[in-house]
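Here is a short note to read beside the structure, written as numbered points. Please keep the sequence at hand while going through them.

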Amino acid sequence: MMKREHIRNIALTEDGSAVRIIDQTRLPGELRYIDLRTREAMFEAIYALRVRGAPAIGIFAAYALYVLSRDYGPEEYLDRLDADCAYLVSSRPTAVNLARQAERMRSLAHGMAGEDPAVITA
């Protein structure tokens, strides 16, 4: 019997410092994973269709905002999160799941205003 390998098209890297995706622009000829660490790279991945499908884009948005928020300072946390949400959503303005997930992450963080950012990103 042939063993089946589970392929994850979106995941956090082991240390949580990047979002790892399958570059869907390379399929079906090549299976290539890329690690995204910057807001520009994340924007480009959505815009260039490296990540595709409404549910996948929503999941990607949540992971992306988690990765980006790890570098926010306590005083700037909500402002930077708001800016990164708007920036990512602008990569594909008609993507409902992208906007919905970004808003969920933003609302959750605003609901926890005053908490230590380390608690929010834990």
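1. R39 lies over the face of Y87, at 4.0 Å from the ring centre; a charge counts as sitting over a ring if NZ of Lys or CZ of Arg is within 6 Å of the ring centre and within 35 degrees of the ring normal. The ring of Y87 also belongs to a cluster, in which ring pairs link it with F43 and Y47.

2. This is a predicted model, in which local features need pLDDT of at least 70 and side-chain atom pairs count only at pLDDT 80 or more, while totals for chains, interfaces and linings use all residues. Residues are numbered from 1 along each chain as its sequence is written, and side-chain values use heavy atoms, with hydrogens and water left out.

3. The whole structure holds 3 aromatic pairs, where rings of Phe, Tyr and Trp (its six-membered ring) pair if their centres lie within 6.5 Å, and planes under 30 degrees apart count as stacked, over 60 as edge-to-face and the rest as tilted. The ring centres of Y72 and Y77 are 5.2 Å apart with planes at 75°, so this pair is edge-to-face. Y72 is buried, at 6% relative accessible area, and Y77 is buried at 5% (buried means under 20%, exposed over 50%, partly exposed in between, with a 1.4 Å probe and protein chains only).

4. Which residues of helix 3 are buried? They are Y77, L81, D84, C85, L88 and V89 (helices are DSSP runs of H or I with at least four residues, strands runs of E with at least two, numbered from the N terminus).
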